[in-house]
Amino acid sequence: MKSSSIAGILFIAMMTIQLYVPIREVIRKERVWHSGITAKMQLAPIDPSDPFRGKFITLSFRENTIDVSTRSEWKAGQEVYVFMKPDNNRLLHIDHLGAFYSEDKNLICLKATIQRLNDKQGYKEVRLLYPFEQFYMEESKAPKAEEAYQSALRDSSTIAYGLLSVYKGEAVIRDILIGEKSLIK
Amino acid sequence: MPLTFEQRIDELLQAGVIDPDTHQRIRNYYATQKQPASLNRTILVFGILGALLVGLGAILIIAHNWDTLPRLSRLIIAFLPLIASQLFCGWTIFGDKARPALKEIAVTCLFFAIGACLALVSQIYHIEGSLANFLLAWAALYIPVIYLARSSIASLLAVALAAYYGFTAGIMSYQHPFNWYFALMAAIAPYYLLLLRRQPFANTTVFHHWLIPISLTIMLGTVAGSGGNLLFPAYVNLFSVFYLAGNLPLFREQKRRLSGYLVLGSLGIIVTLLICSFDFLWQDLASTKFNVGLYKSGEVYAFAVTLLAAIGMLVYVSRLVPDSTARPLQYVFAVFLVIFIIGYFDSKLPQILVNLLLLVLSILVIRKGIRTDRLEILNYGLLILSAQVLCRFFDTEISFLLRGLLFISVGTGFFVANYQMISRRKSLNPAGKNPLS
């Protein structure tokens with residue numbers, strides 16, 4: 001086989017890999033978007049910036065800690081599955097942690113990472129990091145969004161939450177709502 | 001003003017060296033030649049600059065966030081530049097004619113297209129991820145382009161990206177316990193070695209000689225932690241490796257100002273010694289208590305690796321180039337190591353020794369400048385001395401009169417040394433003509 005043919009094959013292989021990596025992410029997220037169930041998680045934001053990926057809001061969810069026994073073997077940096085129960089307002093609350101994904105009719109399962117463990121008296125507090133804590137916005141909207149959040153936090157009658165699509169532990173954040181008002185629209 | 005080529009052949013005609021027929025044939029011959037290489041290079045440079053600016057502009061527009069567009073439209077816009085750049089790249093590589101200038105533009109476009117696609121996809125789906133992971137994915141997808149396109153510009157872009165990744169992952173090491181920087185550089189290294197063999201004097205190869213040591217210098221700083229003082233001897237070791245590498249026969253054949261390893265190595269050693277000529281390091285070192293944790297810090301490993309590299313490079317260069325008078329800075333790392341060890345036990349003596357070391361080095365460099373009749377090396381030695389005197393201006397308690405006398409002495413030394421060298425050159429070559437004309 002000529003060296004130019006080999007080079008051609010390798011070039012096509014390289015093109016395929018360069019396209020495959022982002023397309024694989026697109027397929028995964030689209031599956032979650034279309035096949036996942038809708039859920040709400042209450043939150044509060046900060047506003048940094050990534051030079052390559054535009055303006056985003058870092059989201060901090062209220063349901064991000066759970067108390068566990070001192071004998072439990074969870075470690076910081078470990079990937080876990082958070083089993084959550086929706087309340088009457090369909091807001092999610094943590095029920096328990098699991099090392100593996102499992103289907104449950106009454107619970108919604110989300111993948112997360114243990115950020116740290118805090119030793120308390122008689123128990124440990126697990127602090128969780130969710131893989132959807134960055135929400136990209138049009139850059140002029142991000143500071144206004146933060147202002148809106150701060151106001152929402154001061155007003156106890158208004159609930160700010162993230163609207164998620166969840167599918168087999170994977171989640172995509174579709175929107176941020178304050179009361180019932182979308183930040184995107 | 002130097003004469004142009006046309007003026008020179010007119011001069012030859014007027015002097016009777018060539019006849020009018022020969023004069024006309026020479027002019028006709030060059031009029032039919034292809035455009036000169038310098039014009040090709042100009043087109044290449046501006047083409048690459050144009051591609052860089054377009055690429056940067058595309059990234060800025062992407063970062064503006066196109067919320068108003070539907071997801072499908074945004075996905076199409078994300079992938080379109082990538083596919084177009086890949087096809088453009090393929091055409092320049094496998095097309096009927098070789099198009100080296102266009103190829104370099106194509107690889108530059110592909111570089112930014114990969115980054116833009118990854119960025120936009122993560123933006124559309126709000127995908128969580130650190131900047132370091134994003135840069136790693138970008139670099140890993142781009143590196144094969146270097147070999148398939150055989151492009152030095154692609155190699156330079158990959159080195160710069162790997163350095164940015166390494167720095168980002170290094171300063172956020174709690175999130176990235178394993179830094180892939182060296183793996184990325186190892187993937188780029190074969191192409192760099194190929195360039196050294198096939199195009200040792202090409203401009204793009206020379207750019208590598210600057211970019212690689214700069215990226216390694218930045219990377220070393222990211223290991224800073226609990227054993228921070230060990231970074232000083234680690235840096236001296238690293239700069240010694242560069243300095244010795246710059247003295248290898250391959251790099252010695254280059255013009256001095258183009259040899260990144262030699263210039264960065266030499267300057268790095270001197271600047272580090274100047275910093276260590278102050279007392280703050282030695283006071284901190286003498287009060288440091290040994291603990292086990294120190295030996296697990298990144299600085300210890302960095303120090304050990306750089307020390308072994310410096311020793312290895314010294315042995316290798318000494319075998320290839322036995323004449324060591326051309327390398328006055330070659331043993332600095334060993335001497336500094338001894339001074340550093342003394343620093344654990346005493347805070348005053350090391351500072352005196354470092355200043356003595358700087359004085360000796362400046363004398364050795366000045367001597368080398370005189371022996372090799374190189375004005376720039378002579379002045380470099382005087383500059384080291386001046387910098388040392390300037391540093392002492394800030395931290396010693398000698399009187400203003402004495403400081404003033406010191407500055408006058410060094411300044412006078414500059415004038416006298418330069419005047420003597422230039423006078424000696426004139427006495428050897430009284431007509432002042434270029435011996436090659």
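**Two chains of a predicted model**

Visitor: What share of the residues in chain B is buried?

Guide: Of the 437 residues in chain B, 44% are buried, where buried means under 20% relative accessible area with a 1.4 Å probe and protein chains only. This is a predicted model, in which local features need pLDDT of at least 70, side-chain atom pairs count only at pLDDT 80 or more, and totals for chains, interfaces and linings use all residues. Residues are numbered from 1 along each chain as its sequence is written, chains are lettered from A and ligands numbered from 1 in the order in which they are written, and side-chain values use heavy atoms, with hydrogens and water left out.

Visitor: And how many helices and strands in chain B?

Guide: Chain B has 18 helices and 0 strands, helices being DSSP runs of H or I with at least four residues and strands runs of E with at least two, numbered from the N terminus.

Visitor: Switching to chain A, why is strand 8 largely enclosed?

Guide: Strand 8 of chain A (residues 124–129) is largely enclosed by the rest of the structure because 5 of its 6 residues are buried.

Visitor: Which way does strand 4 of chain A run against strand 8?

Guide: Strand 4 (residues 65–68) of chain A runs antiparallel to strand 8 and is joined to it by 4 bridges, with Val68(A) opposite Lys124(A).

Visitor: How many bridges for strand 7 and strand 8 of chain A?

Guide: Strand 7 (residues 108–119) pairs with strand 8 in the antiparallel sense over 6 bridges, pairing requiring at least two DSSP bridges between two strands, and Leu117(A) stands opposite Val126(A). Their hairpin has 4 residues between the strands, and Gly122(A) takes a positive phi near 85° there.

Key
Buried means under 20% relative accessible area, exposed over 50%, partly exposed in between (1.4 Å probe, protein chains only).
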